[in-house]
Amino acid sequence: MRAQLVALAALALTQAVAAQQAPSTSPAGSGGSSNAALIGAVPEGPVPRLQDGTPDFSGVWVGSGPIGDISGGLMPGEELVLLPAAKALKESRMAADDPEALCLPTGVPRIAPYPWRIVQAPAYGKATHLFFLFEGNIHSFRQIFMDGREHPDDLEATWYGHSVGHWEGDTLVIETVGFNDLFWFDFVGHPHTTQLRTVERYTRTKVSELEVVTTVYDPGAYAKPFTVKYTHTLRPGWELMEYICNENNQDVEHIRGPAGL
Amino acid sequence: MRFVWSLAAALAATLSAGSAAAHHSFAAQYDANQPVTLKGVVTKVEWTNPHARFYIDVKDADGKVVNWNLEIASPNYLKRAGWSSTSLKQGDEVTVEGSMARSGANMANAATVTFADGTRVFARSAADNR
């Protein structure tokens, strides 16, 4: 093990020098290095398809996006306009109260920087359900109904809400309602209310890239809807691992100050 | 080779001014403007979530031994970067470069760990490394 670490450290140094000479152009939070050799061979060619012709989104992705401040993901021309009560709430929030720091779910569209996998059921043919399996921030999942059902009338508020999906061409569109107001959009504490409704549009723009354009509708917290874009990156050959956040969370008692980056 | 990835990713995150942290805001818990170098002997390793931790006994200027609590990346991140749960062992002599906790506790986030034989490895998640 030690010998392996030595060799790797030496290689790492070489990489470090090279990287310093040629600064990365990858966007903030792009999920890490763009050097394909370091993250496994990235396949090329057409996006794979399932038996029913829909794009195959299976595989392990690393979530990325402006996890520090959601406004960093705004599409061109978009703006995030907080209503007064939401602004006051955001400004009152303390970093130690961030649900993510407390090992609670991220909700939507917040992204944790951990791998996740999309699984459909049944595995072949037309999907009735999609599951997003999250390694972190907590070992959790989202369930998306693909069987044409509507949102029920008697929804109780939950962290991930009630999601129904359909295909528009090669784009998977997921509409979610029924959220609680407990999760934050980011480290700076952008809030929302139970009026939140999200529409996510997932497109596998390349074999190695899953683009997610999410429009956030929440007339309880924002003066108008806004749209953010996150891009997930394929991690070929990776498998999900365990991540039980509550196991030894000593962080919270040492976190100080208002919510922020 | 996976270990190389972790450094490259760390650099990419650094160079692109990524402000992402893992499950908490790095800056809310640690002060990047308060770097610390600690030399000591490993007393305990916790291969746990949300962060792996290890503890070292450090002798201060007066010869008094102080136990420090050092946060590193999560086990899943570390494993993918080439670490294992036995990369650090009780009794190892190490030098740690990191950032002090804001709380004033004898706690730091370790960016690198240097072993007695001079091997220096990264210990912080790419997202926290800035």
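Colleague: Over which residues of chain A is the pLDDT below 50?
Modeller: The chain A average is a mean pLDDT of 85, with 85% of its residues at 70 or more. One stretch falls below 50, though it still has 64 contacts in the model beyond near neighbours in sequence. Where pLDDT is low, the predicted coordinates should not be read in detail. The stretch to treat that way is residues 6-38 of chain A.

Colleague: And over which residues of chain B does pLDDT stay under 50?
Modeller: Chain B averages a pLDDT of 83, and 79% of the residues score at least 70. The model has 73 contacts beyond four places in sequence for the stretch you ask about. That stretch is residues 1-21 of chain B.

Colleague: Now the folds. How many strands form the closed barrel in chain A?
Modeller: Follow the barrel of chain A from S1 through to S9, and you will find mixed pairing. From one strand to the next, the twist averages 30°. The number of strands in the closed barrel is nine.

Colleague: Which residue is the bridge partner of A:Val164 in S6(A)?
Modeller: Strands of a sheet pair through backbone hydrogen bonds, either parallel or antiparallel. Here, S5 (residues 162-168) and S6 (residues 171-177) of chain A pair in the antiparallel sense, over seven bridges. In S6(A), the partner of A:Val164 is A:Glu175.

Colleague: Is A:Ile111 buried or exposed?
Modeller: A:Ile111 sits in the loop between helix H3 (84-92) and strand S2 (115-121) of chain A. Its contacts beyond four places in sequence include A:Gly63, A:Ile67 and A:Tyr230. Being buried takes 20 or more other C-beta atoms within 10 Å. A:Ile111 has 26 C-beta neighbours inside 10 Å, so this residue counts as buried.

Colleague: How far apart in space are A:Ile111 and A:Gly136, C-alpha to C-alpha?
Modeller: In sequence, A:Ile111 and A:Gly136 are 25 residues apart. In space, C-alpha to C-alpha, the distance between them is 9.6 Å.

Colleague: What pattern does chain B follow along the sequence?
Modeller: Chain B has three helices and six strands. Of its 130 residues, 52% are buried. Read along the sequence, the pattern is α-α-β-β-β-α-β-β-β.

Colleague: Which residue in S4(B) stands opposite B:Val36?
Modeller: Strand S1 of chain B (residues 30-46) pairs with two strands that we can look at in turn. With S2(B) (residues 53-59), S1(B) runs antiparallel over five bridges, and a hairpin of six residues joins the two. With S4(B) (residues 93-101), S1(B) also runs antiparallel, over nine bridges. In S4(B), the residue opposite B:Val36 is B:Gly98.

Conventions:
Residues numbered from 1 in each chain as written. Chains lettered and ligands numbered in written order. Predicted model: local features only at pLDDT ≥ 70, side-chain atom pairs only at ≥ 80, totals over all residues. Pairing = 2+ DSSP bridges. Helix = DSSP H or I, 4+ residues; strand = E, 2+ residues; numbered from the N terminus. Axes fitted to C-alpha atoms, helices over the stretch in contact; angles between N-to-C directions. Buried ≥ 20, exposed ≤ 12 C-beta atoms within 10 Å, placed from the backbone. pLDDT = per-residue confidence, 0-100. Contact = placed C-beta atoms within 7 Å.
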